[in-house]
Structures are given as structure tokens and as C-alpha cells.
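This report is for a reader who is new to the structure. Please look at the sequence and the model first, then read on.

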Amino acid sequence: MTGVLETALRDKRAAGRKLLVPYVTGGLAGWQDAVRAIAAAGADAIEIGLPFSDPVMDGPVIQLASQMALEGGATPVSILDETRTLDVGIPLAVMCYYNTIHHAGHERFAHQLVTAGIAATLVPDLPLEESAPWCTAADAAGIETVMFAAPTAPDERLPRIAARARGFVYSVGLLGVTGERDQLASTAASLARRLKAITDVPVLIGVGVSNAAQAKQAVQVADGVVMGASVIRRLLDDGADAAGDYIAEVRAAIDG
Amino acid sequence: MSLMAEPSATGRFGEFGGRFVPETLVPACEELEAAFRDAWADPTFRADLDYQLRQYAGRPSILTECANLGNHLGIRLLLKREDLNHTGSHKINNVLGQALLAKRMGKKRLVAETGAGQHGVASATAAALLGMECKVYMGAVDVERQALNVFRMKLLGSEVESVQSGSRTLKDAVNEAMRDWVASVETTHYCLGSVMGPHPYPWMVREFHRVVGDEAKQQCQELFGDVPDIVVACVGGGSNAIGIFSGFVDDRTRLVGVEPAGGAAVGRGQPGVVHGMRSYLMQDEYGQVLEAESISAGLDYPGVGPEHSHLASIGRAEYPSVTDEEVITAFQLLARMEGIIPALECAHALAWITREAPNFPGATVLMNLSGRGDKDVAQMMDILAR
């Protein structure tokens, strides 16, 4: 059965809408306000990051946000507790590193997500070959697991990734970690194009989609975009409303 | 079959190991595994590496009988002198292997992490020898306490980046080296410095250090016609220990890996996943990785190589810990009684031997003296002046 996130994304895509999934680090000061503002500004789903001590896929902005959230006392349990009360009317996903799941236990973590009203997970250090124990527990609990595809993947790998993906396929835009770049990398469109050719699951480009213009460029090929560092920078510098205003600007650009 | 055979197809040693990396790096790990498998079976590659180990690194390293300290402790004490290798530690064995392999794979650039600086210096050395570019990531705390090694790396033509994130020690240097590799994977080889990380690193690095155990076993045979009763080595990630253990794992020899009390992954950790592997890991109740803290930068690592976790879980090797105070005493003891200044890392192994010797009188004990102490002299000067 298709899950809540994938159903929502497919329905919106079918209606001709480009998909926008911003990321917010859970536990940061004002993070719940940011989630509400971003939802109101036209996000189609939101990724909530559970901060980890060793975020190897993240660049300086999200590293800093993670460190600040942890120093503020945030834990996976406290963030999921706070998520339960959000009620923003769009699907919520959790972005976490695998040790957070491994340490809690697969079934227990899946249950915690269900209780918190979370629809899906993204686990950037859990590649296809290691994903079975988590995906089995997640499938059983009705939690969708988004899979990552990277520009380095040979052609034969992409259909296997797409077949395991629930919610959407995360098309990694460039060779590198999260963070803003001056231009959208050429790899962003080429990988998204390769994925669109082999799967019907929504394909969203993330990592290095850094502003409204780049988002507009990305959705010429992909079904949508994931945006993280550019959102967090605004949240850290100017607060939740600024993050919401930014998402409204991106929304307008990709709709136009 | 040997207890230290090839890991499973998914890179497992028992329930430990694996390949928990961002998707971007999966093809690179697969390519590296295939290239290593091919090279390791190729007599030409083996001959090239053997040539460099002999004429450049100075292998074989000797076995030194420590009669003074041995008599003092009531045991027979032998040291495998990896400190006499070029660059001053065992690290050169692995680095020459990986650099030759990287070159064979057509990579032009190395990135490496370093704690005490020994692996960074070895990587910078191999890069200079083979005409490759090299960038070394080192925690800001370690840059400060190992200034001499930072300068050595720069002299050798490498770039050294001081890592300011997290605990600013070895674990954060690994994170930063992995981030570099995610961005540079097409031209760059990640020259990982220990038997850790994603498959195939724990296996490949062990194979490059196997020479330590193989030589030591032959030297023991020649010296006294038997294997030692006990083999002891310090353990951070665990590369020097795995190297010497590999020579004796299928014998009756007792294997002891000594961890610092402030970085006892096996002793105080639980299974966890970080840096591409499932292994024992010091972590809090939510799985956040804890910061290791010891006198020795090279052992300040909250994890341990997955094969050590396996050897511990099946009871084949044991992993006790020693305190900084015991290490400081052992460091001075070897200097005064044998005229050998050990690296602070190996002083951990000696600290365990001196503490436990009354429990095994007359035993033949082989210790891996994996590095020389020159780099630690300034730090010891400060400590002993207090």
C-alpha cells in the first residue's frame, strides 16, 4: 500500500504541482515555529532533522545547527514529543543518521515515529545494501523510507534504489555534502533525468539546491526539490518568519 | 580456516563491520574492494609493495629483547620495533600499500585523517614518494598538541587542515576526511589510517599490516623456537594490534589489546554505527557518539575496528584499559631501563604489562612497539614539570 507521503506527492504531481520539501533541524530554538511558517508558505512535506554528533553528509550550516540543537539539550525523544503537537496538515518525515535508529532498536524506533505522527524517514548513511533490517521494521509499521541516489551510481544500480524507495527518491544533486552553492551543479539535472527514465516514484533533487532560481531550474527536470542549508541559514540568522518568507519565495518561483 | 580470514561478502567480521556510507561513496567502496582484491592477488603488486617496504621503509623491523626490564618484571619481554620504520611507526606499512593501490587505480590525490599525526606524516611521506597530492585532516586540539608532526607534514608537501567541528580530535578529523571524499571521490583516494571505516578498509588495512605479525612469528621461531605466551598492543582504531595479532591468532598465544581508560570502546562501549562500520562505540543513551579523552592523541577515538569487536565478542582477544598515570610511568620506565622512548600510544601496552606481570611470572611477552616517542617529548616535558 502506498504511504501517506508518497500518496500526497503523487496526487500533487498529478495535479501539475512541483513539489517542495524543506528541511528543519529539530530542537533548534524556534524550530516548531519554523515548521508552521514553512508549512503555511506552501511546503508539500517537511523533513525534520534529528541532530547527530557526527553528521558526515552535512556541510557547515547543518553541522552548526545540529551542534546547537544538541547543546540545547535536544534528543530524538524530545523532538518527537514536540512533533506530535505540530498538526501542520502536510506529511512530516524524519531525517536521521543510522546510529539513532540502531541505538533505539529498529522496531522501537519505528513505533516512536508512528506515535509522533511521522510518515517517513531519510537515513543518509544507510545505503541499499545495509537497509534491510530498518526497511523491514519501517514497512511493518507503515513508515516510508526515502532512498538516496547519487551521481556516482552506475545505471544498473538506479532501478534497485527506486524499487526500494517509498515516499520519493532523493536525487543527490552533486558530489559533496549539504550546503549552499553559487550554481546548480550539472549533475543535478543529469541524475534526475536518469531516474525519471526508470521510475514512477516522485524524484526530488536535494543537496546544493540553494535558492529560488536554482529550485526553478531543478524542477524543469525533477518532480521537486529538497532544500536544507538555505532554510537553516535564514532560521539561524533571522528567525522562523524569515524561513517561512523564503519558502514562499521558492514556492512562487517553482509555480511560475 | 584462520580466525582472521577474509570478511563476508558484506564486509562482516561476525556481526561487526559492514558499509554504512552515504550513497555517493558506495560505488567508490565497491571499486576499491575490487581493486584491492585484484592487486593483492597480483604478484607484481606484491613485489612492488615488498620492494618499497624493504628499501624505503626499512623492513623487516627487528625484535629487541629487553633484558633489563624483563628481569625487573620477572618475565621475558620482547619488543617488535615498528618504531624503527621510516616515519617512526607502523603506519607506513598501510600507507605504502594504499598509495600504491591508489596510483594503480589512477587516483592523483590522497586525503587522510590523523590523530597524533603519525598516519598523517606517513601519508604525506608516501604522497611525496609517489608524486601525489595529499591533504590531511587533523582535529584542532591535536594540531596544538602535536605541532611537530604538523610541521613535518607541511615539510613533506602536504596540506594540513585543522578541524574545528565537534570534539576537534580524531573522530572529527575522520568526519571531515569523509566529507572531502564525498566531494572528490572521482579523483581522490581516502587513505584511511586504521582497521576501521566501511568495507573493505578494515580488511585491507589489516592485510597491509599483516607483515608485522608474519615477521614477528618468524623472529620468535628463530629466537626461541616457539610462539610467545602473550602478545600485547595498544588499541585506538586498532591497526598495530591487528597487525601483530594476525601472526598469532591461530596459535595458543593470549592476545591483549590495551585501550586508554578514556577511550575504551570495547571496555565501555556498545555496538553502534559510525564512520561506515558497525562496531563497539562509546555513546550516550540516544546514540550520540561520546568524546574520547586520553593522554594520547592517537588513541583518542570513541570507536574501534570491527574485527577487534569480533575478536572480543568471541573471546579470542581481551581489551583491558590503563589510566593516563600508568601510561606516564611506563613511558619513563622504558626510557630509563632500556634506552627506548616509546610513543605514548605504545606506552599503554607497556603499562598493562608492568601492572599485570606479577600474574604471569616467567612468561614470554611480545609487545608491539608501534611508534617512537619523539613526537611526545614536548608534551611529556610539560606533564612531568607539573
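## Burial and a helix of chain A

A residue is called buried here if 20 or more other C-beta atoms lie within 10 Å of its own, with C-beta atoms placed from the backbone. The model is predicted. In helix α11 of chain A, which covers residues 229-238, the buried residues are Ala229(A), Ser230(A), Val231(A), Ile232(A), Arg233(A) and Leu235(A).

What do the buried residues of α11(A) pack against? Their partners are the strands β1 (19-25) and β8 (224-227) and the helices α2 (31-40), α3 and α12 (240-255), of chain A. After α11(A) comes Gly239(A), and the phi of Gly239(A) is positive, near 100°.

## Where chain A touches chain B

The contact between the chains takes 30 residues from chain A and 28 residues from chain B. On the side of chain A, the elements that give two or more residues are α3 (60-71), α5 (98-104) and β5 (144-149). The largest share, 5 residues, comes from α5(A).

By class, the side of chain A that touches chain B divides into 17 nonpolar, 9 polar and 4 charged residues.

## Two domains in chain B

The domain assignment of chain B gives domain 1 as 13-52 + 90-201 and domain 2 as 60-89 + 211-385. The centres of these two domains, taken over C-alpha atoms, are separated by 22 Å. Domain 1 of chain B puts 35 residues into the contact, and domain 2 of chain B puts in 43 residues.

On the side of domain 1 that touches domain 2, the elements of chain B that give two or more residues are β2 (16-20), α4 (91-104), α5 (118-130), α6 (140-145), α7 (147-155) and α8 (170-184). Of these, β2(B) gives the most, with 5 residues. This side of domain 1 has 14 nonpolar, 16 polar and 5 charged residues.

Which strands pair with β15(B)? Strand β4 (residues 76-81) of chain B runs parallel to β15(B) and is joined to it by 6 bridges. One bridge partner pair is Arg81(B) with Leu369(B) of β15(B). Strand β9 (residues 230-234) of chain B also pairs with β15(B) in the parallel sense, over 3 bridges. Here Val231(B) has Leu366(B) of β15(B) as its bridge partner.

## An open sheet and its helix

Chain B also has an open sheet of 4 strands, in the order β1-β2-β12-β11, with antiparallel pairing. Why is one side of β1(B) and of β11(B) left without a neighbour in the sheet? β1 (12-13) and β11 (270-274) of chain B stand at the edges and each has a single partner strand, so one side of each lacks a neighbour there.

β1(B) and β2(B) run antiparallel and are joined by 2 bridges. Arg12(B) has Gly17(B) as its bridge partner in β2(B). Helix α12 (residues 306-313) of chain B packs on this sheet and touches β1, β2 and β12 (276-281) of chain B. The direction of this helix makes about 40° with that of β12(B).

How values were computed. Residues numbered from 1 in each chain as written. Chains lettered and ligands numbered in written order. Predicted model: local features only at pLDDT ≥ 70, side-chain atom pairs only at ≥ 80, totals over all residues. Domains from an automatic or database assignment. Contact = placed C-beta atoms within 7 Å. Nonpolar A, V, L, I, M, F, W, Y, C, P; charged D, E, K, R; others polar. Pairing = 2+ DSSP bridges. Axes fitted to C-alpha atoms, helices over the stretch in contact; angles between N-to-C directions. Buried ≥ 20, exposed ≤ 12 C-beta atoms within 10 Å, placed from the backbone.
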